[in-house]
Amino acid sequence: MSGHSSYVPKTGIERWLDARLPIIRLAHDSAVSYPVPRNLNYLWTFGGILVFMLVAQIVTGIILAMHYTANSLMAFNAVEHIMRDVNYGWLLRYLHSNGASMFFVAVYVHIFRGLYYGSYKAPREVLWILGVVIFLLMMATAFMGYVLPWGQMSFWGATVITNLFSALPVIGETIVTFLWGGYSVDNPTLNRFFSLHYLLPFMIFGVVVLHIWALHVVGQNNPTGVEVKNVQKDTVPFTPYATVKDIFGMVVFMILFSWFVFYQPNFMGHADNYIPANPAATPAHIVPEWYFLPFYAILRAIPDKLGGVMAMGGAIVVLAFLPWIDTSKIKSMSYRPIARQLFWMFLLVCIGLGYLGAMPADEPYVTISRILTVLYFGFFVALFIVGLFERPKALPTSIADAVLASAHGGSAARVATATAAEPNVKG
Amino acid sequence: MSRTSFRLALTGLAAGLSLALFQPAAQAAEGGVKPPQLSWSFSGPFGKFDRAQLQRGFKVYKEVCASCHGASLVAFRNLSQPGGPEFTPGQVAALAATYQIKDGPNDQGEMFERPGRPADRFPSPFPNEQAARAAQGGAYPPDFSVLAKARTYERGFPTFIFDIFTQYQEQGPDYIHALMVGYEEPPAGVTLLPGQNYNKYMPGHLIAMPKPLSDGQIEYPKGPDGKAPVPETVDQYARDVAAFMVWMAEPHLEARKRMGLQVMAFLVIFAGLLYYTKKKVWSRMPDGSPAH
C-alpha cells in the first residue's frame with residue numbers, strides 16, 4: 001500500500017531537509033497518512049503494544065545493566081543490590097522481569113490473531129516469516145535474560161536447555177562447549193549470555209523495522225481477509241484513527257502490566273530463583289518460564305533426546321511454512337467453518353501443553369503430552385487437508401460493505417466470534 | 001449460546017476438569033501438606049507492614065534464629081528506613097554497636113574487630129557454608145535475606161488463576177509460619193535418624209532443624225497494663241518472624257503498593273478519556289461522513 005506520498009513540506013527548513021533526507025516524509029507516510037483498513041478490531045492493537053514493550057524492555061534493560069555485575073560470584077547479590085539499594089531499582093527490575101512475560105502475552109495474542117485471520121497468506125508471507133524470526137530471537141533473548149540473576153532456576157534452566165544441543169549428531173558436543181565457554185555452565189556462560197542478552201534486543205529491533213516495512217508494503221490484513229479495494233471507502237488514515245485506538249489499547253495493556261509489576265511481581269517467576277545458583281544441588285523440578293512451557297512439554301513428550309529436540313524446534317519452525325501449508329485461499333477463519341473449529345482446538349492444545357510443561361514428567365502427564373503433541377502437529381496437517389475441500393461462507397464484497405452490514409445488521413456479523421453464532425448464514 | 005461455542009465450552013470444561021483431577025497426584029508426590037492461609041497486614045493492594053509486628057519479628061530473629069541463620073543482605077540502617085520496622089536511628093546505632101564487625105586491613109596490614117555501625121550488614125553466624133554444616137551436623141541453615149520469596153508451595157489448578165485476581169502471594173510467610181508450628185511426633189512406621197525431626201509441612205516431612213520456638217521463650221515488650229499486647233506463643237512468634245522475613249525479602253513492598261495505586265488510578269482515568277476520544281474520532285470518516 002506504499003502509494004503516492006501525500007506529504008507536503010510546509011516550511012523552508014522542511015523543504016530543505018526533504019530534498020536531502022526525506023525523513024519527515026518517511027515518518028508522515030508511515031505513521032500519519034498510511035491507510036488502515038477501517039474494520040480492524042482491538043486484536044490489531046497488539047502490534048503497537050509489542051513495539052511499546054520492546055522499547056520498554058530496552059530502556060529498563062539499559063539502566064539495569066548499569067547496576068548489574070555479570071560474575072557468577074556476584075550476580076545474585078547484584079540483582080538484590082538493585083532491588084534494595086538502587087533508587088527505584090525494584091521498579092526497574094520488576095518492570096523488566098514482568099515486561100518479558102507481558103511481551104510474550106502480547107506476542108502470543110499477535111501470533112494467534114495472525115493465525116485466525118490468515119495474515120500469513122499471500123502477499124504477506126515475508127511479513128509472517130519475519131515475525132517468526134522475531135519470535136525466535138525473543139525466545140533466545142528471554143532465555144538468556146532469565147539466566148542473569150544466577151538463581152537456581154537460572155543455572156539449571158541454562159544447564160538443561162544448553163544441553164539439548166548435545167543431542168545433535170557430530171557437532172552437538174562442540175556447540176555445547178562453545179555455548180558454555182567451558183565444560184559446564186559457569187562464569188564464562190554467564191558472561192557471554194549477558195553480552196548476547198544485550199545484543200539480541202537490537203537485532204530484534206532491526207527485524208521489527210523490516211517487519212513493519214514489509215507491513216507497509218503489503219498493507220494490513222483485516223477481520224474479513226478481503227483486501228482493500230477502494231482506499232477512500234475501505235480505509236482511514238493511520239493518524240488520528242489508528243493512533244488513538246492503538247494508544248488506548250496500549251494503556252489498557254499497561255493496566256494489566258502494572259497489576260503484575262506493583263501487586264504480583266513474582267507471580268510469573270519461580271520461587272527457586274531466589275535461591276542462589278548451586279551446581280551441587282539440583283531443584284526438585286526444573287521448570288522454564290511459562291512462555292516456554294508448551295515447547296518444553298513437546299520436548300519431553302518424545303522419548304528420544306534428538307527426537308525431542310527436533311520436535312521442539314519443529315514446533316516453531318513449522319510456523320514459518322504456514323503460508324504454504326494452508327491450502328485455502330480464504331484468509332479469515334470467520335468464513336471457514338471447519339478451519340475455525342480446528343483453530344480453537346489448536347489454542348486449547350497449546351494451553352494444555354503449557355500446563356503439562358509445568359508438571360513433573362510422570363504419568364499421566366507424559367501420555368497426555370504425547371497425545372497433545374500429535375494434535376499440535378496434526379493441526380497443520382488438518383489445515384492442509386481441510387483447505388482442499390472446505391466450502392467457505394460467502395465473503396463480503398468489500399471492507400466498507402462488511403462495516404455497513406455489521407452496523408445495520410446489529411451484532412450478528414460484528415466480529416469473528418459473533419459470526420460463529422449463526423453457522424448457516426449464507427450472504 | 002450457539003452450538004459451536006457450546007461445544008467449545010464443553011471441551012474447555014472437560015480439559016479443565018481432567019487437569020483438576022490429576023492435580024492431587026502431583027501434590028502427593030511432593031509429600032507436603034498445604035499450609036493454612038493466614039491473613040497478613042501486608043497482603044492486598046493497600047497492604048502495609050504492622051510496625052509493632054516487624055519489631056517483634058526482629059526480636060524473634062535476633063534472639064533465636066540469628067544464632068544459625070544469617071541475613072547477609074540486610075544492613076542495620078534498613079531497620080530505621082521508612083516502610084520497615086522503623087526503629088529510630090538512635091536505636092539502630094545502639095543496636096549496631098553491640099555487634100563486633102571484622103574490618104581491615106589497617107595500616108599494619110592486620111584485620112581487626114570494631115563495633116558495628118548502621119551501614120554494616122548483619123554479620124553471619126558462620127564464616128562460610130562448610131563451617132555452618134560442620135556445626136549443624138551436615139545441614140546448612142539458609143540465609144534469611146530473601147528466604148520468604150524463595151519458599152512456596154504448589155497452589156494447583158485452578159487456584160493459581162484465582163490468585164491473579166485475589167492477589168494472593170503470601171505462600172512464603174504462610175509456609176514459614178506453618179513450618180514453625182508444624183513440628184509433630186512422627187507417625188507410627190516413621191523412624192527418625194539422629195539429626196532428623198518430623199514436620200507436618202516440610203516437603204518429605206523430614207527436617208534437620210530441631211523445633212526452634214516454644215511458648216513463652218521470647219519476652220515481648222509490655223503494654224501500659226504490664227501485659228504483652230499479643231500472646232507469647234509459638235503461633236504468634238511464627239507469624240511475627242514470618243512478617244519480618246517478608247520485609248527483609250521485600251523492603252520496598254509498601255512503596256511499591258503505594259505507587260501501584262497511583263499508577264492504576266492514573267491509567268484507568270487516562271484509559272477512560274482515551275476511550276471517549278477514540279469513539280469521537282471514529283464516529284466520522286475523514287471526509288466528515290458518518291462512519292456507520
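Reader: What makes Pro45(B) count as partly exposed?

Author: This is a predicted model, and the label comes from a count of neighbours. Pro45(B) has 13 C-beta neighbours inside 10 Å. A buried residue needs 20 or more and an exposed one has 12 or fewer, so with 13 Pro45(B) counts as partly exposed.

Reader: Where does Pro45(B) lie, and which residues does Pro45(B) touch?

Author: Pro45(B) is in the loop between helix 1 and helix 2 (51-63) of chain B. Leaving aside residues up to four places away in sequence, Pro45(B) touches Tyr263(A), Gln167(B), Lys257(B), Gly260(B) and Leu261(B). Leu261(B) is 216 residues from Pro45(B) along the chain, and their C-alpha atoms are separated by 7.3 Å.

Reader: Gln167(B) is in that list. Why is Gln167(B) called partly exposed?

Author: Gln167(B) has 16 other C-beta atoms within 10 Å. That value falls between the limits of 12 and 20, so Gln167(B) is partly exposed. Gln167(B) sits in the loop between helix 6 and helix 7 (171-181) of chain B.

Reader: What is the phi of Gln167(B), and why mention it?

Author: Phi of Gln167(B) is near 60 degrees, a positive value in a residue that is not glycine. Most residues other than glycine have a negative phi. Tyr88(A), also not a glycine, has a positive phi of about 55 degrees. Tyr88(A) is in the loop between helix 4 (75-84) and helix 5 (89-116) of chain A. With 14 C-beta neighbours inside 10 Å, Tyr88(A) counts as partly exposed.

Reader: How do you know that the peptide bond joining Gly104(B) and Pro105(B) is cis?

Author: Omega of that bond is about 0 degrees. Pro105(B) is in the loop between strand 1 (100-103) and strand 2 (112-115) of chain B. The bond from Phe157(B) to Pro158(B) is cis as well, with omega near 0 degrees. Pro158(B) is in the loop between helix 5 and helix 6 (159-166) of chain B.

Reader: Why is helix 15 of chain A called roughly antiparallel to helix 16 of chain A?

Author: The axes of helix 15 (residues 337-358) and helix 16 (residues 365-389) of chain A cross at roughly 155 degrees and come within 9 Å. Angles over 145 degrees count as roughly antiparallel, so helix 15 of chain A is roughly antiparallel to helix 16 of chain A. The crossing of these two helices is left-handed.

Reader: Which residues make the contact of helix 15 of chain A with helix 16 of chain A, and what are their classes?

Author: Helix 15 of chain A contributes residues including Leu342(A), Phe346(A), Val349(A) and Leu353(A). Among those from helix 16 of chain A are Leu372(A), Tyr376(A), Phe379(A) and Leu383(A). By class, the contact has 16 nonpolar, two polar and no charged residues.

Reader: How many residues does each chain give to the contact of chain B with chain A?

Author: Chain B gives 44 residues and chain A gives 39 residues. On the chain B side, helix 1 (3-30), helix 5 (147-150) and helix 9 (253-282) each supply at least two residues. The largest share, 16 residues, comes from helix 9 of chain B. The residues on this side of chain B divide into 26 nonpolar, twelve polar and six charged.

Technical notes:
Residues are numbered from 1 along each chain as its sequence is written. Chains are lettered from A and ligands numbered from 1 in the order in which they are written. This is a predicted model: local features need pLDDT of at least 70, side-chain atom pairs count only at pLDDT 80 or more; totals for chains, interfaces and linings use all residues. Two residues are in contact if their C-beta atoms, placed from the backbone, lie within 7 Å. Helices (H or I, at least four residues) and strands (E, at least two) are DSSP runs, numbered from the N terminus. Ala, Val, Leu, Ile, Met, Phe, Trp, Tyr, Cys and Pro count as nonpolar, Asp, Glu, Lys and Arg as charged, and the others, Gly among them, as polar. Axes are lines fitted to C-alpha atoms, for helices over the stretch in contact, and angles run from 0 to 180 degrees between N-to-C directions. Angles under 35 degrees count as roughly parallel, over 145 as roughly antiparallel, 65 to 115 as roughly perpendicular and the rest as oblique. A crossing is left-handed if the near helix is turned anticlockwise from the far one by less than a right angle, and right-handed if clockwise.
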